[in-house]
Amino acid sequence: MIEVNNIYKKFKLSRKQQREKENGKTKIKFIQSVDDVSFKCTPGRIFTLLGPNGAGKTTILRMIATMLAPDSGSIKVAGFDTGKQPGKVRENIGFLTGTTGLYARLTPNEMIKYYADLYSLSKKDFEKNKDSIFNTLDINEFANRKIGKLSSGMKQKVSIARTLIHNPDVVIFDEPTTGLDVLTSRNIIKLIRDCRNQGKTVIFSTHIMGEVNMLSDDLAILHNGKIVYSGNFESFKSEMRSKTIEDEFVRVVGGAS
Amino acid sequence: MKNMITIFLKEMKEVLRDRRTLILMIVMPLLLFPVIINVTTTFMMKLEKGAEEKILKVSVLLNGNKPGFEQKIRERKDMSIEEEVVENKIKNLITLKKLDFAVVFDKNFDNQVETMEPADVRLYYRSSAEMDISKRRIDKLLKKHGEELLNERFARLDIDKKVINTLNIEMNDIATVKEKFGERAGGLLPYMFVIFCFIGAMYPAIDLGAGEKERGTIETLLVSPASRFQIVMGKFWVVTAAGIISALLSVTGLFVSIKMNTQIPGEILQVILKIIDIKSISVIFSLLFPLSIFFAGLLLSFSLYAHSFKEAQSIITPLNFAIIIPAFIGTLPGIKLDTVTAMIPVLNVSLASKEIISGTIKAGLLIEVYASLIALAGLSLYFCVKWFNRESVIFRAE
């Protein structure tokens, strides 16, 4: 379960960004990246954060994952407050992005063991989880090769294994298919569905309409840091005034700007 | 603590698998001293031997004077007389290497000797590292010839030669060989250790900070249960260890190269090994430990601030000068360890090491150096931890 209550986050702009955003006489030094956002993600459902680039999706997910702290408001993950018990929150989440990096000089076995140790998994749990994930994703054949020498598809499998090795209750996917080929993207889509089917709380961000349609149970549309739509995806589709999801998205976002 | 050790071990494993880091941290410090010492001693020995064994081509232009000096040259097996040389061709012949030395006696030489004036002799040669060694033989002969003429003068004047000695000075230099060595070469050793300590830590720091950001692995680490403090400390101790290992290997390389070098005469080797003893080296290393912590905090902070490996390199490279300059100043003669220099990082290590090798270090100043280094190391560590906790540093906008 993820509960996000009235969170705000602003960032100081770099000098380069300040120059780009300069508006006549007004000097803009800060940007309100997240502006009074609230939503709830429930176990066994996929919550989709849809929005254009710069809408604040990554910032929200990073706040949920305790990488960033909200300026105000609160977030609870698996019953733990991100501000008060960040360690407990992190023990219960898995985090995957399309640009997630791996340690090129380690082997998949070493990398997964490293994260298992950080998650304090017992030897028994580690072996059990590893065997299950490695068999499902066919990692065993390259488990002892250096990650730097693996193909991008193999690397993505290792990333998935790293995300799920501690069997988290909550899984966060930040634009997980960005930069991936069709086959690897399909694996990720399947993984997101599997997580839902296992009763995990799943939140994922995207700007790809096809993925929204394939995966969403609940949907929030973000624009300029604000939620401009939030609700059940089936309701969203039934209430659509446009013919396609993409057109409806443009209409909702356009109306908000 | 467990997470910190897990991160330390993983980072160390990665660092030791990076070829670039291995070269800078292990291979270079270990091999530099042996290569320098062996190459230079072999070269110098060869040069010395060649210059000493060379048969010198010497021309003596008597200009009508007595052939006494020329006779001395003819008696030597390591010199040959070049006949029929005229004075205006000498420079050309020496340039063409057809002649090594020309000793030209002034036409009034014998008269000047007779009238007890200083007698004019012109020596022609072309200086070079090799020729300067060979010149010692000619100088010796000229000195001997001059002494013979002087003895003749004293005999003619019926004066005891002793009268020219107005003072009978007995020199009593109480400086030990250790002190003299410490003063002259003592500064060079810590200079090398300090530089290796910094260079050895540099690449691991860049790799573990900016490298991790560039590869996109920092996010996965930040969402693990390890706290930021544990993460930064795990990385921090790897960088510190890299600096210390590098400096330690440079000392090992130095010891091995001195011990294995067969061209260093036995008695000199004994003196060197007695001077660079385990006790001195241990005290120097106890100074390098807080210095490594200071370097690690500094390097890791800069590295964490950078977006990429390249940016980190461009920020950190100028820091080399900030380290080299005070380390170099410490090697200069006349710069002493006092209450002011004991507070200046790097310079204080360099000067203190010099005095440790000389055996002249004062306890008060050594304590001040330790205090200054420990304070700086603490500040650097504190700053690094604070820095890593700042969102604006880890997720810095470009």
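Modeller: Let's start with α15(B), which is mostly covered, as 12 of its 12 residues are buried. A residue is buried if 20 or more other C-beta atoms lie within 10 Å of its own, exposed if 12 or fewer, and partly exposed in between, with C-beta atoms placed from the backbone. Helices (H or I, at least four residues) and strands (E, at least two) are DSSP runs, numbered from the N terminus.

Biologist: What should I know about the model and its numbering?

Modeller: This is a predicted model, where local features need pLDDT of at least 70 and side-chain atom pairs count only at pLDDT 80 or more, while totals for chains, interfaces and linings use all residues. Residues are numbered from 1 along each chain as its sequence is written, and chains are lettered from A and ligands numbered from 1 in the order in which they are written.

Biologist: What span should α15(B) have, at 1.5 Å a residue?

Modeller: The expected span of a helix is 1.5 Å times one less than its number of residues. The 12 residues of α15(B) should therefore span 16 Å, and the end C-alpha atoms are 17 Å apart, which agrees. Just after α15(B), Gly359(B) has a positive phi of about 80 degrees.

Biologist: How do I read the crossing of α8(B) and α15(B)?

Modeller: Take the axes, which are lines fitted to C-alpha atoms, for helices over the stretch in contact; angles run from 0 to 180 degrees between N-to-C directions. Angles under 35 degrees count as roughly parallel, over 145 as roughly antiparallel, 65 to 115 as roughly perpendicular and the rest as oblique. Here, helix α8 (residues 188-215) and helix α15 (residues 347-358) of chain B have axes that come within 8 Å and cross at roughly 135 degrees, so α8(B) and α15(B) are oblique to each other. For handedness, a crossing is left-handed if the near helix is turned anticlockwise from the far one by less than a right angle, and right-handed if clockwise. The α8(B) and α15(B) crossing is right-handed.

Biologist: Which residues in α8(B) and α15(B) meet?

Modeller: Two residues are in contact if their C-beta atoms, placed from the backbone, lie within 7 Å. From α8(B) come Leu189(B), Pro190(B), Tyr191(B) and Val194(B), and they meet Val349(B), Ser350(B), Ser353(B), Lys354(B) and Ile357(B) in α15(B). That contact has 6 nonpolar, 2 polar and 1 charged residues. For these classes, Ala, Val, Leu, Ile, Met, Phe, Trp, Tyr, Cys and Pro count as nonpolar, Asp, Glu, Lys and Arg as charged, and the others, Gly among them, as polar.

Biologist: And in chain A, at what angle do α6(A) and α7(A) cross?

Modeller: The axes of α6 (residues 152-164) and α7 (residues 182-197) of chain A come within 10 Å and cross at roughly 15 degrees. That makes α6(A) roughly parallel to α7(A), and this crossing is right-handed. Among the α6(A) residues that meet α7(A) are Gln156(A) and Ile160(A). The contact divides into 3 nonpolar, 5 polar and no charged residues.

Biologist: Is Ile218(B) buried or exposed?

Modeller: Ile218(B) is buried, because 20 other C-beta atoms lie within 10 Å. Ile218(B) sits in helix α9 (residues 218-222) of chain B and, leaving out residues up to four places away in sequence, touches Glu212(B), Lys213(B) and Ile394(B). For Ala129(B), in helix α6 (residues 129-156) of chain B, 11 other C-beta atoms lie within 10 Å, so Ala129(B) is exposed.

Biologist: How many residues does each chain bring to the contact between chains A and B?

Modeller: The contact takes 28 residues from chain A and 22 residues from chain B. On the chain A side, α4(A) gives the largest share, 4 residues. That side divides into 14 nonpolar, 7 polar and 7 charged residues.
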